[in-house]
Structures are given as structure tokens and as C-alpha cells.
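Let's walk through this structure together, looking at how charged and aromatic side chains pair up. Have the sequence and the 3D view open as you read.

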Amino acid sequence: MIQKNKVELFGRVGYIECKFLENDKASVKTDVLLGIKKDNATGNNDNDWDNFFITFWNTEKRATAEIIAEQIKKGDYIRV
């Protein structure tokens with residue numbers, strides 16, 4: 001049996017931007033900056049974060065980018 005890799009990110013939204021693009025067919029793109037606090041085993045710095053830039057696109061069957069842009073805002077915690 002083949003096993004699939006699975007990655008889950010849980011963090012705070014630091015930036016979100018939705019763009020409506022004009023090209024051969026209209027499309028929507030939503031960019032999200034997800035900040036994940038690093039484990040602080042040494043106790044040196046409480047403000048150490050890993051940042052992940054995630055891009056969501058609309059598909060022909062589902063408006064994923066628009067739904068993301070409507071449902072979340074800066075400061076929300078999300079799991080991707």
C-alpha cells in the first residue's frame with residue numbers, strides 16, 4: 001500500500017491579499033502569509049516565527065480563492 005505524505009500547518013494569518021486577474025479567462029488569486037511560532041527550547045526569543053506564503057486559486061468548479069478571502073482576516077488562526 002502506498003502512503004501519502006501529509007503536512008498540516010497551523011498558524012496566524014499575518015497578511016492576506018485578494019487579486020482579480022484579467023487574462024485569457026478571468027481568475028482570482030488570494031495570497032496569505034501564515035506565521036508559525038517556533039518552539040523555544042532555549043528561552044532566548046519569544047518572537048521567533050517561521051513564515052509560509054500560500055497562494056490559493058479559483059478553479060472552474062469552486063471559487064476557493066474568493067472563499068478564503070471572504071472567510072479569514074489578518075490575525076485569525078487557520079490550519080492548512
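**Charged pairs and an aromatic pair**

A salt bridge here is a side-chain nitrogen of Lys or Arg within 4 Å of a carboxyl oxygen of Asp or Glu. Strands are DSSP runs of E with at least two residues, numbered from the N terminus.

Before going on, please keep in mind that this is a predicted model, in which local features need pLDDT of at least 70 and side-chain atom pairs count only at pLDDT 80 or more, while totals for chains, interfaces and linings use all residues. Residues are numbered from 1 along each chain as its sequence is written, and side-chain values use heavy atoms, with hydrogens and water left out.

How open to the surroundings are these two partners? Lys38 is partly exposed, with a relative accessible area of 36%, and Asp48 is partly exposed as well, at 33%. The cut-offs are these: buried means under 20% relative accessible area, exposed over 50%, and partly exposed in between, using a 1.4 Å probe and protein chains only.

How many salt bridges does the structure hold? There are 6. Another of them joins Asp31 to Lys29, where the closest N and O atoms are 3.7 Å apart. Asp31 is buried, its relative accessible area being 14%.

Now turn to Glu8 and Lys6, whose side chains meet in a salt bridge at 3.3 Å, N to O. Lys6 is exposed, at 69% relative accessible area, whereas Glu8 is partly exposed, at 44%.

Finally, look for rings. A search of the whole structure finds 1 aromatic pair. Its members are Phe10 and Tyr77, with ring centres 5.6 Å apart and planes at 15 degrees, so the pair is stacked. For this, rings of Phe, Tyr and Trp (its six-membered ring) pair if their centres lie within 6.5 Å, and planes under 30 degrees apart count as stacked, over 60 as edge-to-face and the rest as tilted. Phe10 lies in strand 1 (residues 10–21) and Tyr77 in strand 4 (residues 77–79), so the pair links parts of the chain 67 residues apart. Phe10 is partly exposed, at 44% relative accessibility, and Tyr77 is partly exposed, at 48%.

How values were computed:
Helices (H or I, at least four residues) and strands (E, at least two) are DSSP runs, numbered from the N terminus.
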